[in-house]
Amino acid sequence: MTVVVEGRAITRDYLVPGSLTRKAKTVHAVKGISFAVERGKTLAIVGESGSGKSTLARIIALIDPASGGELRIEGQPVDIASQRLTREMRSKVQMVFQNPYGSLNPRQKIGDVLMEPLLLNTDTPAAERRRRAEEMLVKVGLPVEVFNRYPHMFSGGQRQRIAIARALMLKPTLLVLDEPVSALDLSVQAQVLNLLADLQAEFNLAYVFISHDLSVVRYIADDVLVMNKGEAVEQGTREAVFAAPSHPYTRELFAATPITDVEAIRARVARRQALRAATI
Amino acid sequence: MSILNIRNLTVRFATSTGSFTAVDGIDVRVDKGEVLAIVGESGSGKSVSMLAAMGLLPDTATVTADEMTFDGQNLLAMSPRDRRRIIGREITMIFQEPIASLNPSFTAGYQIEEVLRYNAGMSKRDARARALELFKQVGIPEPEEKLKSYPHQMSGGQCQRVMIAMAIATGPRLLIADEPTTALDVTIQKQILDLLMKLQEQTGMALILITHDMGVVAETADRVQVQYKGKKMEEADVLSLFEAPKHPYTRALLSALPENATGDRLPTVSSFMVEPEVKV
């Protein structure tokens with residue numbers, strides 16, 4: 001098994017500047033997190049807003065530098081704070097963002113959206129760029145005819161397919177997905193999750209999947225990392241974490257997640273009927 | 001005994017490309033003290049039908065219905081003045097984005113006192129005292145302090161509690177909650193849903209919960225109405241709906257839930273419904 005990405009005691013601090021009445025302070029957004037993801041596997045990072053999961057995602061996606069710790073991509077240490085990223089390294093890690101309405105340039109045609117990564121990072125000739133963009137459109141389930149259309153002509157689910165296609169243009173080994181299905185309707189969410197599963201199998205991709213939705217995580221993850229206030233409070237295989245969550249925060253998260261179990265509904269309905277009978 | 005009864009509601013919007021039917025012949029009935037969930041994906045017309053009942057749609061909307069009565073009073077034939085006596089007092093509403101629902105320029109206390117003075121006819125002094133009581137009732141920590149806070153100084157969950165306090169301030173007999181927890185973290189969602197259910201049980205008001213989340217439906221509703229593309233697909237009590245969904249679309253929604261996944265792929269709506277326009 002080859003490890004695609006590995007983090008060792010990653011930290012990230014933000015300096016909040018002071019003002020006349022307030023002292024400057026440091027916020028520790030990520031407090032020393034270690035993890036590893038193998039080829040073809042999915043690590044899900046779970047947490048609520050403010051847990052630092054998106055900060056960690058941006059560090060793994062080589063967008064923001066870490067304040068401390070070591071990040072290795074395919075065994076090579078990478079630190080974007082001290083050295084420029086090589087094109088080759090840039091190609092290895094790609095990201096898909098949460099909001100497909102904000103992550104596509106409204107003035108850029110779909111074809112250009114897909115060809116731009118090749119233009120910037122490779123020396124691929126124009127005809128080849130176009131061929132590969134069309135090929136990728138088909139792979140994510142869109143017809144080639146959409147090549148010359150603009151993002152506003154697409155639904156949220158279709159846009160997310162386009163964003164995924166763009167991320168795959170450089171043949172990355174690691175995809176960082178920051179809440180990729182949170183903005184989508186349930187039925188569309190199912191389609192996009194299926195697509196992600198297909199693409200992972202086809203390209204042997206490693207996924208870092210950021211989510212707040214435990215039911216999605218349970219479906220897609222191999223390993224789970226639960227974050228709370230910048231710390232990894234729980235880490236393990238999906239089976240282990242879901243079968244026996246050890247940390248109180250994980251248990252709280254599980255308890256708060258609504259369940260659609262018929263027996264639970266039956267108990268709740270019975271309780272409400274008893275309550276109503278008592279008040280009449 | 002129904003409190004709100006709408007029959008054959010149709011809402012059309014005039015657009016530059018012609019008329020668009022957002023709600024197509026929908027019936028909505030909610031009984032006194034009942035929790036009705038209206039569930040559907042985006043574009044199902046679930047919000048629009050309730051906004052129509054509230055009279056909150058813009059001028060471009062044409063609303064027609066065979067019947068629209070609140071507690072026996074005909075909302076369609078009523079003068080705007082009489083209607084305002086009901087809307088905002090007897091029927092109140094809370095929305096998805098709690099922070100955006102509040103006016104950023106005024107304190108939370110000012111905004112709830114405004115409701116109490118205009119809609120409940122209280123004096124300034126009485127309104128202040130009642131506002132504090134309501135803040136305590138909806139579980140806002142440090143209520144005295146929070147009355148003086150502006151929306152941006154509070155979290156999303158706290159803002160939603162303020163919205164709920166404003167919505168129950170006039171002792172409504174029907175509260176319409178439009179995706180009240182969609183913008184909130186799952187642990188906060190649980191607190192808000194628990195609060196809404198507690199208030200519903202204490203006051204005996206009817207509650208219409210508009211949501212896209214089957215988990216929220218399972219944990220709150222007495223009766224459920226499933227909408228798709230402006231049409232009603234199915235209506236059932238909550239237990240029957242989850243135990244034995246009748247309509248293919250409902251089955252599709254339930255099986256698209258990742259927690260109900262069997263095997264590697266999630267069924268999508270298209271695998272259940274060949275012709276999406278079928279009517280029950």
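**Strands of chain B and the A-B interface**

Biologist: Which residue of β6(B) does B:Phe70 stand opposite?
Modeller: B:Phe70 stands opposite B:Gln73 in β6(B). This is a predicted model, where local features need pLDDT of at least 70 and side-chain atom pairs count only at pLDDT 80 or more, while totals for chains, interfaces and linings use all residues. Residues are numbered from 1 along each chain as its sequence is written, chains are lettered from A and ligands numbered from 1 in the order in which they are written, and side-chain values use heavy atoms, without hydrogens and water.

Biologist: How many bridges join β5(B) to β6(B)?
Modeller: Two bridges join β5(B) to the antiparallel β6(B), residues 73-74 (strands are DSSP E runs of at least two residues, helices H or I runs of at least four, numbered from the N terminus; two strands pair if DSSP finds at least two bridges between them). In their hairpin, with two residues between the strands, B:Asp71 takes a positive phi near 50°.

Biologist: And β1(B), which way does it run against β5(B), parallel or antiparallel?
Modeller: Strands β1 (residues 2-15) and β5 (residues 67-70) of chain B run antiparallel and are joined by four bridges, with B:Ile6 partnered by B:Met68.

Biologist: Switching to the interface, how many salt bridges are there between chain A and chain B?
Modeller: There are five between chain A and chain B (a side-chain nitrogen of Lys or Arg within 4 Å of a carboxyl oxygen of Asp or Glu), and B:Asp222 meets A:Arg276 in a salt bridge at 3.0 Å, N to O.

Biologist: Which helix gives the most to chain A's side?
Modeller: That is α10(A), which gives nine residues to the side of chain A that touches chain B.
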